[in-house]
Structures are given as structure tokens and as C-alpha cells.
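Me: I have a model open and a few things to ask about it. Can you take them one by one?

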Amino acid sequence: LTDFNVGHLLAVLPEWGLSEEERRATISSALKNQGTEMPPLLKSVIHELKKGEKEASIEELNPIPKRMPKLFVLIMSYFGVFGIPAVLASLPILGTLLTFCRAKYRDGELQKPLFIVAVKGKFASGKGFINKLYEALGAPLICADEQTAREEAQYNYEEKHTKSRKEAQGRKEFSYRTLPAKVSNTELVKRASQNQGQSLCLVCDDVASLIRQKGQRWNMDTDALLKGFDGNGRWGQAYVSPSSFSGNIELQLNVLYGGTENGIHKMIPPAEVENGLASRCTFATMPDTSGMPVQKRNTDDKRLEKIRMMAEQLFEKGSYPTCAKPFEIKLPKTNAALDRWDKEKIEDYMQSGNEAVDALRKRSAVIGFRAAMVARCLEGKETPAVVDFAIWVANQAYLSQMAYCGEEVQKSYDENCRLARKSARSISKSRNTRILDNLPENFTKKDLQEARMKLGYDATKECSYILTRWEKEGRVRRDGTRFYKL
């Protein structure tokens, strides 16, 4: 209320039989350690008032579009209350099926259908639906990899018995499309270099299995996930040992995780937002089924078979061997719609000043565009359902990232600004700034005069001017006769 001002406090506090000098000294001493914590009573009152408030969920802020491609309608109906997480979780799998699909984004760059999706939920919240979804949509990939595994096993067996002939012919390569989420860096480089330019799919329904005892995730390079999502950068490793695998490849990854809030936070730490992993991820939250009866499993085999058939069609349209090279599709309406969406977010940023709004809108729009690529291949052309789906996914990515790491983005921005100001100050340091650095955290005009005298400057001149300038520049705060560094 008094803004920690000594003069204001002197005016409102009683004298208690003390002289003005004694009161001023007491108040100044108390203000040296300014309390910034909210008083416990006020905190409890606000908490009680908020009990009756209900925060809007992402589903309320971003309702499901009325028009969607048929495959997503089937997924929504088949998985029931898990429909929204299931649709979002399907994107990495469908993107892998359409590995050779390309589309030109607003900036002119060709995008690939690559996604990182993390499904969060409580213990026993039904996250196991990921396995059933993967078995249905990923059936073409799984079948192809099973056949490749048999061929590789047979080749290895024959190589063991005819080693000299195989060495003369050279080692045969085998292309896999799916890998376990706990894959090593070496195996990732090896498989990615042999899969004929196609994307790899990593699925894990419970990230707790990837967390080590010390709370760290397994040793897959974070840079691999970043480059794998971008799809346009090279990643690899180099070892001297001939027994290891070295390579530098253009990595393309589609990743699907499931886990508790705590598990996902360990896999994708919000506090490490500057590395860009959280802003490349779309977070899907499982519905709260606390206290509800057990969700009855859907046994509609006909509907599940339709889902499998559509996945097979996408595989034939976008993967080897039926599709052997990249093909480009056009999405002008989607680009126009995302441009309008982006301008709305820029306006929000200009009004709020929240740096997270500006930072997270960019990749969210890219994720929405990539979702439109999948929807366009399902629809056969760019229908209104494709555009609506793109905007819905962009909003899901944006809102989920804001909830997950929005505060950390703002903190990071504030800290970077502070360091930039500090750096600029150190570059253009004047002699008086150096004097300020050497003064204690709180000092008087006399302290400044003594510091200037030690350096051979006239102590009777300029001190009042220097102190006033420091105060205007926000370097110090005046409190009576003392000054506090900021």
C-alpha cells in the first residue's frame, strides 16, 4: 500500500514515543528485507474464493469440428470417451504411413507429416488404448517389419555359414519402419540410414519404462527428437571402433508417448523449454474418469476393420514399395486459414504482451498444417473438413503447450532480457558504473564520495547528479539517505 516508501510510512505510522530519527531508522531497517510473499490469510481467502470457479478446459475452448475426415469420425466413435486423445495420437502413425507426402507451407518450405504427441493421464486412466490404436492403424507397418525381420534372420543364418561369400558381396541392408521407443542412438542411426528415406515410428504407451532410477529419461539424444520432428536436418554419430555404427543421416521421426503427468514431465521437462522439444509436441489429456464405472471396451469389429482398411490405403498411397518417391499436394485454403489464425494470435500477443503466445503460435501452426496433409490424403482433395481439422489441431497444440510450458517460456524470455541488459551494460561500462559495481548492496552518498576519492576523482562534485541518474535508469532505489541496488 505504501510502496515500501519511508516517507509514506512515517506519515501513517504512530510515533510510539520515538523521535523522528529513531522512527526513520527503524522503518529503514525493516525495509531492507522486503517481504514479497502473499500474507497467509489473504492467500487462504483467495483459495476459498477460487474453489467455486471452474477453469475452462481445452475441449471447451477448442470444440471438436463438426466436419472431419471419415477416419477420424470412426476413431472418435470407436474409442468413445477417449476419442479426442485417440485422434491426436493417430497423427504420428498416419504420418508414418504417408512418409513420402509433401506440401508447401506459408513460408514456401516443403513440410513432411511428422509429429510428436504425448498423451497424459492419471494412473489407470485408460492410456492403454494407444496399443489398440497402434495395432489398427500401424498394421501395414507392423506386418512389413515382421516380414523384414524374418528376411534378416534368414540372411544372418546364411551369412554365418557362408561368411566368405557374403563378405565378397557386401552386407545386405534391411529397411524397418517401426522401432521400440527405447532404441539406442547407434541402432537409430543404423536403421534410419537403411530405410530408403522413409520416416520411423516410435511408440510407447507408458514412458515410466523409459525413465531411469535417477529420474532421467533413457539416453536417446534430445537432438535426435528435434531433428526428427523437423525432418530437414542431419543427425548422427561417429565412432572410431569398427564394431559400432557411424553415420550422419537426415532423420525423420514420428513419436507417440503415453504416461502420467509426472512421467511426461520427466521425458519432456517444461523447465527445459529453450531446447524446443516441448514446443514441438502436442499434448493430449485423458478425460477424468475418477469415480466412474469401468469403461466398456468397444467390440465393434466391423468399425475397427474399416479403420484398418483406411490405414492400408494410406500406406499404399504414401509408403514404399507402392510409392517409391516423394509426391507433393496443394493446400492453399489451409494456408489461408492458418494465416488468419496466426494473425489472431499475433493480436492476442500485442494486447497481452505474453511472450509465450508469440513463441508457441509458430510451431502450433506448422503442426496444424501437417495434420491437414494427413486429412487431405484421406479426403482426396482439400475439402472444408481438411481446413477445419487443421485449425482444430493447431489450437490443440497451441493450448496444450500454453498449459504445459507457457509460464516457463515467459520466465525464459525475462531471464534472457535480463542477461542481455547486463551484457549491454558491461560492454558500455563507464567509470561510474564500475564504481557502482564495487559499492555494497545498500550505500549512502558518503560511500560514493569515498569510492570516487580512492580512484582519484573529485568527491565534492557530480555525486548528487550520478545518484539521480542511477535512480532514473532503474539501477538504484532511493530510501531516505540510503540507496539500494536493483
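Me: What should I know about the model before we start?
Reply: It is a predicted model, where local features need pLDDT of at least 70, side-chain atom pairs count only at pLDDT 80 or more, and totals for chains, interfaces and linings use all residues. Residues are numbered from 1 along each chain as its sequence is written, and side-chain values use heavy atoms, with hydrogens and water left out.

Me: How many disulfides are in the whole structure?
Reply: The search finds 0. A disulfide here is a pair of cysteine sulfur atoms within 2.5 Å.

Me: Helices next. How do H5 and H6 cross?
Reply: H5 covers residues 70–79 and H6 residues 83–97; their axes come within 8 Å and cross at roughly 135°. Helices (H or I, at least four residues) are DSSP runs, numbered from the N terminus. Axes are lines fitted to C-alpha atoms over the stretch in contact, and angles run from 0 to 180 degrees between N-to-C directions.

Me: What do you call that arrangement of H5 and H6?
Reply: Oblique. Angles under 35 degrees count as roughly parallel, over 145 as roughly antiparallel, 65 to 115 as roughly perpendicular, and the rest as oblique.

Me: Which helix does H7 pack with at about 55°?
Reply: H13, residues 301–318; H7 is residues 129–137, and the axes are 8 Å apart. H7 and H13 are therefore oblique to each other as well.

Me: Which residues make the contact?
Reply: Lys-132, Glu-135, Ala-136 and Leu-137 of H7, with Leu-304, Ile-307, Arg-308 and Ala-311 of H13. Contact means heavy atoms within 4.5 Å.

Me: Last one, where is Gly-138?
Reply: Gly-138 is in the loop between H7 and helix H8 (139–161). At 0% relative accessibility, Gly-138 is buried.

Me: What is Gly-138 in contact with?
Reply: Leaving aside neighbours within four places in sequence, Ile-93 and Leu-133. Gly-138 and Ile-93 are 45 residues apart along the chain, and their C-alpha atoms are separated by 6.2 Å.

How values were computed. Helices (H or I, at least four residues) and strands (E, at least two) are DSSP runs, numbered from the N terminus. Buried means under 20% relative accessible area, exposed over 50%, partly exposed in between (1.4 Å probe, protein chains only).
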